[in-house]
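Keep the 3D view open as you read.

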Amino acid sequence: MLRNSLFRTARSSLRSMPPHRAGCRPSLLCEARRFLATVKAHEILEEKPAKSTNSDQWLKTVQGIDPFGKAQARVYGSSTSALAEEGSVPDGTTTCPDHHTHELEHSIRDFLSTTRQRPRAGLKSDELVVKCPVCSPGKSRRLAYSAHLNTNTGAFVCTSCFEQGSWDKYQELAKRRNFQNTIPKSRATDPPPFEFAEATLMQLQNNLLNHEEISAALTGHDKGQLRLRPEVLAQYGVGLGFVDTTIPEILDLESLVEGCDHSVPCLVFPRTAFRTNSFIESSKDSSVVDTGRPALSTGRTRSQGSAAISSMIEDESDSTGIAASLSDGVSLSEFHTVQLKIVGWSIADLEMYVPVDEAQTGLFGFHVASAESPDIILTGHELDAVAAYQETGIPAVSLPKGPYQLPLDAMRALERYERVYVWLDDDHQGTAAAELITRKLGVDRCLVVRTKGGDPQGPKSASIALARGMDLTSILERSQPVQHDKVLDFSALREAVKFEVTNPDLIRGVESTDLPGWNASFKGLRPGELTILSGATGSGKTTVISQMSLDFCKSGVSTLWGSFEIPNVRLATRMMSQFAKRDVSKEPGDIDYWSRKFEQLPMYFLKFHGSTKPDTVLETMRHAVYAYDVKHIIIDNLQFMMSMQAKGMDKYDAQDAAIATFRQFATDEGVHITVVAHLRKDQPASDVDINSIFGSAKVTQEADNVVILQRHGNSDSKVRCLNVLKNRFDGTLGKIYISYNPETLGFTEIPAPRKRKSIKIVKSAVRLSMADRLVAEAEAGGSFENIIDDQGNELGHESERPLR
């Protein structure tokens, strides 16, 4: 009876676990049942205080299991010793959980010291960010620290390569590969990243209070003002800096505070994270972990504490009703600023980061989010988070990499919350991103907030809704969970159908800035579609698609490049030149600058070349969509990827299967896939059509869009034509003329060349009069000047062009 009662207690406790941890329940219940079967009755009946304590400790340990992916944290020490008191385990061992925990911590410290690592505090209180034992060798220091290690259980998982396992597995993998190859021999360990001077952060906040125009725009209640309260802005640490637009990057924070003659005002949003945790605090006397970091600007010592963070968290007005309390055991000094996001106030495309390389993952508003709160709001923009927190009282954080991407590092910080309100922009892109993020976080605990509420003229975001005087709490209460993606009824489609019919311009995809003609034909880049780009060998297919993918990537579309024909290094060099609008190989001194700028783009590359199995490519694509929120995937090209995968007629079947797989993947994952394919070799260049693409008809049947790149004119002509042969969205077809610019290594859209009509003039003994010449010119359909013939050659005056 007592055994059954104890088992029911464990089962009841496991049932109270949050929904996102439900996958741990069956295995843990089986383990508890097996243990209780081995415990003797007199061991349960003995009334010793240690038993209930150990039982509670076991349940607490079970509930604290890391739910990330498949990295199930194992309880160190046998499960039997977790419930039974020390010395009462059937096998006679005298092991207790505290003893194993102490041994584990000692083992972690020794091993990190041996491998000369400098771990950082993760976004979870019991987590360290360490080097991945699989993918860190050969990476830079910033990228090497990608594994998250649970200090209580020893379980680890890498957010870069998805390697996971126990502490024993971590040590075994690490011994196979040398961590020290990324550390110069002159240093004993990795150098600590810098930390911001607290006085500088305070000055940035004071700049915002002292700037009348911008402060009024944020806190005023007139039309067009955001109605944010000053104490809430201070709580989040929002400041104001001044950026010199003539300098490509910020090297001195003092110049950001003071400004100069060429400076423009910019809002400064700090990203915060845990400064330390219990493991690091207990290791201060060891050389393994050192939380002291040199400041970027002078004037800071460790005795200064965290004045800026304290001012952010302190509740300056009890009448506001905003709870800024922290969880027990977490002091104000345990948070610090790890990065500043700088956004131009009057210049829309000005966005900078200090430091450029994010040394530690942080979130805007992370220090505000209390561990005691079961709910949290996730927004796409920083001011939306401030507005949502101010009006609802629920802690709010913003996405760190654009309004549509949730990195895995940031996702771990949201695991402890039972309910997540996903509050992104209420537009076509925001809706698709919200659905993707809810699938990553778990649809059972996520609610999507629609700011417009079905009104096409409604506000797009939380901050705009507050500026219009709307009740954000009522908007939050109307949030709905995401329905199952395989079952829909018309009630779920009704509002979407109405919105699409009444607002055709708002459902357009991400538009191109380089090729306006592309927008006129395709209405932008939309998720869930498959595009086939074909053309003759050497026509410039890779150049065109690299330029267009870069164009969409600059608009925030996370892009994955699969170049099976051209090595990634050569492709990245070309794309960097297109990004810089100049040939960077001719200016080696600017390589570092453009590399840092290019690195900030959400651009990723597949590490494949030549013949590759489609299943392997598909698995990697699925990982990229999950880990990096990829929205655009390029496969260049289909024939190179499928080469040597099949022979004879089977290669057509294999290609059809690959296309069908890509088609299904685009629909299921909500991404746009662009596949580059060759033309048939036996097809004349002048007679190409939709049936000229290599392979069977299934290639073009599965595709939503089909475009063929053709030369216009002779072989030396730089003019190309993008011939749109299929458009499933609205059926718009046509031709887009572009001209290659060798200085920028890209194409520029040009007007359609005028085509000269053939004129047959019969010689006569009498010279033509002016009237006769005008009649002949009118019949020719244009003037005699600036006419382009069938080969794309420009003809000048009548005397310079041949008569036919």
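Two residues are in contact when they have heavy atoms within 4.5 Å. Helices (H or I, at least four residues) and strands (E, at least two) are DSSP runs, numbered from the N terminus. This is a predicted model, where local features need pLDDT of at least 70, side-chain atom pairs count only at pLDDT 80 or more, and totals for chains, interfaces and linings use all residues. Residues are numbered from 1 along each chain as its sequence is written, and side-chain values use heavy atoms, leaving out hydrogens and water.

Now find helix α23 (residues 568-580) and helix α24 (residues 591-599). Here Met575, Met576, Phe579 and Ala580 of α23 touch Trp594, Ser595, Lys597 and Phe598 of α24.

On to the rings. Rings of Phe, Tyr and Trp (its six-membered ring) pair if their centres lie within 6.5 Å; planes under 30 degrees apart count as stacked, over 60 as edge-to-face and the rest as tilted. That rule gives 18 aromatic pairs. Take Phe274 and Phe335: their ring centres are 5.3 Å apart and their planes sit at 25°, so this pair is stacked. Phe274 belongs to strand β7 (residues 263-274) and Phe335 to strand β8 (residues 335-344), so the pair ties together parts 61 residues apart in sequence. Both Phe274 and Phe335 are buried (under 20% relative accessible area, with exposed over 50% and partly exposed in between, using a 1.4 Å probe and protein chains only).

Elsewhere, ring pairs join Phe111, Phe156, Trp167 and Tyr170 into a cluster.

Key:
Axes fitted to C-alpha atoms, helices over the stretch in contact; angles between N-to-C directions.
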